[in-house]
Amino acid sequence: MKTMPLLASSALVAALGAAEARAADLTLCWAAWDPANALIELSKDFEAQSGHKMSFEFVPWPNFADRMLNELNSGGQLCDLMIGDSQWIGLGAEAGHYVKLNDFFDANGIDMADFIPATVTGYAEWPKGTPNYWALPAFGDVVGWTYRKDWFEKPELQKEFSEKYGRDLAPPKTLEELKDIAEFFQEREIDGKTVYGAAIYTERGSEGITMGVTNALYNYGFQYGSPENPYELDGYVNSPGAVEGLEFYKALYDCCTPPGSSDWYMSEDIDAYKSGQVALQMNFAFIWPGVEADPNVGGGKSGYFANPAGPAGHFAQLGGQGISVVSYSDQQEAALEYIRWFAQPEVQKKWWSLGGYSALKAVVEDPGFATSQPYAQTFLDSMAIVKDFWAEPSYASLLLSMQDRVHKYVVAGQGTAQEALDGLVEDWTEVFEDDGKI
C-alpha cells in the first residue's frame with residue numbers, strides 16, 4: 001500500500017478555516033456526459049461564494065477509466081477532486097489515491113445516514129459494510145428502461161398485443177414480459193418506418209456488456225460469491241440460475257435488437273432510441289432528462305420503468321459515483337471546502353433541478369420529489385433494488401475477464417453459457433489468488 005502524501009485528516013479539518021481565506025484553483029475530474037455540464041452550472045455558485053476558481057477535466061466514458069486510473073496510479077496532480085466510478089473505491093482507498101473523509105465528515109456535521117444507503121455502500125465505503133468513507137455520494141445512477149409510450153398507446157397495437165399475449169401492452173413486470181414486448185415490436189412497421197424491439201448494452205471495450213448482462217444475471221440467481229466467503233465463487237457465479245440468466249440475455253440480443261448493435265453502450269442506445277429505431281431502451285437513468293427534452297421522443301412520448309424482476313430476484317445494476325479528494329492534490333483544503341458546500345441540502349436540491357441525481361434523502365424523500373419529473377418515481381424504485389459489480393482494488397482485471405467471456409458468448413455466439421461462466425470463475429479465482437485473498 002502506498003503511503004498517502006497528505007496531511008492527517010484532523011489537520012486538514014483544522015486547516016479549513018484558514019484555507020477559506022485563500023483563493024485556490026481547483027480541477028474536478030469526471031466523465032464527459034450531460035450531468036457534467038449540469039455540474040459546471042451548479043459550481044458557479046461555489047465559485048461565487050468561496051472565491052475559488054473551478055476548472056473541469058471531462059473524459060468520454062469509453063476512455064474515462066483508462067485516463068483517470070492512469071492519472072491516479074501515477075500520482076498525478078491534475079485532479080484535486082475526482083468523481084470516480086463506484087467500482088474504483090477499493091483501489092482508491094487501498095492504493096492511497098483518495099483522502100479518508102471520516103474526520104472531515106464528523107467535524108462538519110456530514111452524516112452518511114442522510115444519504116440513500118445503497119449509494120453510501122456503493123460510492124463511499126471501503127471495506128464494504130464498514131464505516132470508512134472515501135467519498136461523498138455525488139451522483140445516484142442505475143440501469144433502467146425507457147419505452148415509447150406513444151407506441152404502446154396505439155389502439156391497434158394494444159388490441160394485437162392483448163390478443164396474442166392475453167395481457168395489456170404496458171411496462172413489463174418481469175424480464176420474460178419485457179422479451180415478449182421486444183419481440184412484438186421487432187421489425188414492425190410504425191409510421192412508415194421499420195422499428196426494432198430493444199437497444200441493450202453489448203459493448204466490448206470498456207464495461208458495457210457487463211453493465212447490461214448483470215441486470216439479467218442478478219434476477220436469475222447469479223451471485224458474486226458465497227455469503228460466508230465472498231471469494232468462494234464456484235457454484236455462485238456459475239450457478240444454474242446464473243446460466244439461465246446469461247442465456248436469457250443472449251436470447252434477447254438474438255431476437256430483438258437492431259442490426260449492427262453488436263458493440264453498443266450508452267451513446268449508441270440513446271441514438272437508436274431518439275431516432276425512433278427501438279421501442280425499448282436499456283440505459284442508465286442519467287439519460288432521462290435528455291429524453292424528456294428531446295423534440296422527437298420527449299414531451300410525453302416516452303415512459304420509464306425499473307429493471308423488471310426475474311425468477312430468482314429483483315435487482316438492477318448500480319451506476320453512479322462518489323466525489324473524492326485526490327491525495328496527490330496540493331489544494332486538499334479547498335477541495336474539502338467544495339465537498340462541504342456540495343453536501344448542503346439546498347445545493348443538492350438545485351443539483352436535482354439541473355439534471356443531477358442527488359443521493360441525499362432530504363431531496364429524494366421530499367413529498368414532492370416523486371412527481372417532480374416524469375421519471376422521478378422510476379428513479380426511486382430503481383435505487384431501491386440496486387446491486388453493484390466488484391469494487392475490489394483489482395476490479396479492472398475482474399471486469400476485463402467478464403467483458404471477454406460474456407461478449408464472446410452473447411454476441412459472437414461462441415460456446416455455451418455454462419462454459420462462459422465456468423471460465424469466468426477460473427479467471428476471477430486466478431485474480432484473487434494473485435491478490436492473496438484465496
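Does Lys437 count as buried, partly exposed or exposed, and at what relative accessibility?

At 27% relative accessibility, Lys437 counts as partly exposed, where buried means under 20% relative accessible area, exposed over 50%, and partly exposed in between (1.4 Å probe, protein chains only).

## Basis of the model

This is a predicted model, in which local features need pLDDT of at least 70 and side-chain atom pairs count only at pLDDT 80 or more, while totals for chains, interfaces and linings use all residues. Residues are numbered from 1 along each chain as its sequence is written, and side-chain values use heavy atoms, with hydrogens and water left out.

## Salt bridges

Counting a side-chain nitrogen of Lys or Arg within 4 Å of a carboxyl oxygen of Asp or Glu as a salt bridge, the total comes to 14 salt bridges. One of them pairs Lys350 with Asp45, with the closest N and O atoms 2.8 Å apart. Lys350 lies in helix α15 (residues 345-354) and Asp45 in helix α2 (residues 34-50), so this pair ties together parts that are 305 residues apart in sequence; helices (H or I, at least four residues) and strands (E, at least two) are DSSP runs, numbered from the N terminus. Lys350 is partly exposed at 33% relative accessible area, and Asp45 is partly exposed at 27%.

Another salt bridge joins Glu392 to Lys437, the closest N and O atoms being 2.4 Å apart. Glu392 sits in the loop between β10 (386-387) and α18, and Lys437 in the segment after α19 (417-434), so the pair ties together parts that are 45 residues apart in sequence. Glu392 counts as buried at 6% relative accessibility. Salt bridges that share partners also join Arg204, Asp404 and Lys408 into one network.

A further pair is Asp191 with Lys154, whose closest N and O atoms are 3.4 Å apart. This pair links distant parts of the chain, with Asp191 in the loop between β5 (188-190) and β6 (193-199) and Lys154 in the loop between α7 (149-152) and α8 (155-165), 37 residues apart. Asp191 counts as exposed, at 65% relative accessibility.

## Disulfides

Taking a disulfide as a pair of cysteine sulfur atoms within 2.5 Å, the count comes to 2 disulfides. Cys29 is joined to Cys79 with an S to S distance of 2.0 Å, and the link is left-handed, with -90 degrees about the S-S bond. The pair links distant parts of the chain, Cys29 being in strand β1 (residues 25-31) and Cys79 in the loop between α3 (61-73) and β3 (81-85), 50 residues apart. Cys29 is buried at 0% relative accessible area, and Cys79 counts as buried at 1%.

The sulfur atoms of Cys255 and Cys256 lie 1.9 Å apart in a disulfide, and the torsion about their S-S bond is about -90 degrees, so this disulfide is left-handed. Cys255 is partly exposed, with a relative accessible area of 21%, whereas Cys256 counts as buried at 0%.

## Helix α9

Of the 11 residues of helix α9 (residues 175-185), 8 are buried, so the helix is largely enclosed by the rest of the structure. The buried residues include Leu178, Ile181, Phe184 and Phe185, as well as the charged Lys179 and Asp180. Just after α9, Glu187 takes a positive phi of about 60 degrees.
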